[in-house]
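Here are my notes on the model. Please read them with the coordinates open.

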Amino acid sequence: MSATTRPYFLWDYDLTESDVHTLLQSGDEETKIWLTARILESARYEDVWRYLSLAEVRTRFPLLKLKQPVRDVWAYALQVWETTASNGR
C-alpha cells in the first residue's frame with residue numbers, strides 16, 4: 001500500500017494510509033481508540049502490526065468497542081502473550 005491509498009479496512013472513510021498513521025500517532029484519544037477497534041475488527045492479522053504495537057493494543061483494549069467474538073479472540077491472545085512473556089518465553 002502506498003501512503004496515498006485508502007486502507008481496505010476503512011472502505012467507508014476518506015482516509016489515506018498516511019492519515020491513519022498520523023492519527024494513530026498524534027490524534028486525540030477517542031480517534032486512536034476508534035481506529036484501533038476498526039483495525040482489530042477489519043484488518044488482516046498481519047496488517048494489524050503495520051499500524052499498532054502490542055503495547056498500544058494492550059493499553060487501549062479495555063476501552064475498545066468490539067464485536068463480542070472479536071473481543072473474545074483478542075482477549076485470549078493478549079492473555080496467552082502475557083502468560084508467555086511472564087514465563088520467560
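1. Terms for the core. A nonpolar core is a set of buried Ala, Val, Leu, Ile, Met, Phe, Trp, Tyr and Cys residues joined through side-chain atoms within 4.5 Å. Buried means under 20% relative accessible area, exposed means over 50%, and partly exposed lies in between (1.4 Å probe, protein chains only).

2. Basis. This is a predicted model: local features need pLDDT of at least 70, side-chain atom pairs count only at pLDDT 80 or more, and totals for chains, interfaces and linings use all residues. Residues are numbered from 1 along each chain as its sequence is written, and side-chain values use heavy atoms, with hydrogens and water left out.

3. Confidence. The pLDDT is the predictor's confidence in each residue, from 0 to 100. The protein averages 93, and 94% of the residues score at least 70. Helix 2 has the highest mean, 98, and helix 5 the lowest, 93.

4. Fold. The protein has five helices and zero strands. Helices (H or I, at least four residues) and strands (E, at least two) are DSSP runs, numbered from the N terminus. The C-alpha atoms fill a box of roughly 40 × 25 × 25 Å along the principal axes. Of the 89 residues, 35% count as buried. Contact means heavy atoms within 4.5 Å. Among contacts with a separation of 6 or more, 50% join residues 24 or more positions apart.

5. Core. Which residues touch the most other members of the largest nonpolar core? They are Val-20, Ile-39, Leu-40 and Leu-52, out of 21 residues in that core. Helix 1 (17-26), helix 2, helix 3 (45-51) and helix 5 (68-86) each give two or more residues to this core. Helix 2 supplies the largest share, five residues. Leu-52 touches Leu-24, Thr-36, Ile-39, Leu-40, Val-57 and Arg-60, not counting residues up to four places away in sequence.

6. Helix 1. Its buried residues are Glu-17, Val-20 and Leu-24. They sit on the same side of helix 1, because they cover an arc of only 65° around the axis. The arc is that of the directions from the helix axis to the C-beta atoms. An α-helix has 3.6 residues a turn, so residues three or four places apart point the same way. The cover over the buried residues of helix 1 includes helix 2, helix 3 and helix 4. On the face turned away from the buried side are the exposed residues Gln-25 and Ser-26.

7. Lys-32. This residue is in helix 2 (residues 29-42). Lys-32 is buried yet has no salt bridge. A salt bridge is a side-chain nitrogen of Lys or Arg within 4 Å of a carboxyl oxygen of Asp or Glu. The nearest side chain of opposite charge to Lys-32 is Glu-29, 4.4 Å away. Lys and Arg count as positive and Asp and Glu as negative; His and the chain ends are not counted. Beyond its neighbours within four places in sequence, Lys-32 contacts Leu-23, Leu-24, Gln-25, Ser-26, Gly-27 and Arg-60.

8. Arg-60. Helix 4 (residues 54-60) holds Arg-60. Is Arg-60 buried or exposed? Arg-60 is buried and has no salt bridge, with Glu-56 the nearest side chain of opposite charge at 4.1 Å. Leaving aside neighbours within four places in sequence, Arg-60 is in contact with Leu-24, Glu-29, Lys-32, Thr-36 and Leu-52.

9. Salt bridges. How many salt bridges does the structure hold? There are six. Arg-44 pairs with Asp-47, the closest N and O atoms being 3.1 Å apart, and with Glu-46 at 3.6 Å, N to O. Shared partners join Arg-44, Glu-46 and Asp-47 into one network. Within it, Asp-47 counts as buried at 8% relative accessibility, while Arg-44 is partly exposed at 44%.

10. Another pair. Arg-6 forms a salt bridge with Asp-14, with the closest N and O atoms 3.4 Å apart. Arg-6 is partly exposed at 41% relative accessibility. Asp-14 is exposed, with a relative accessible area of 70%.

11. Arg-71. This residue lies in helix 5. Arg-71 counts as buried because its relative accessibility is 18%. Leaving aside neighbours within four places in sequence, Arg-71 is in contact with Phe-61, Leu-64, Lys-65 and Leu-66.
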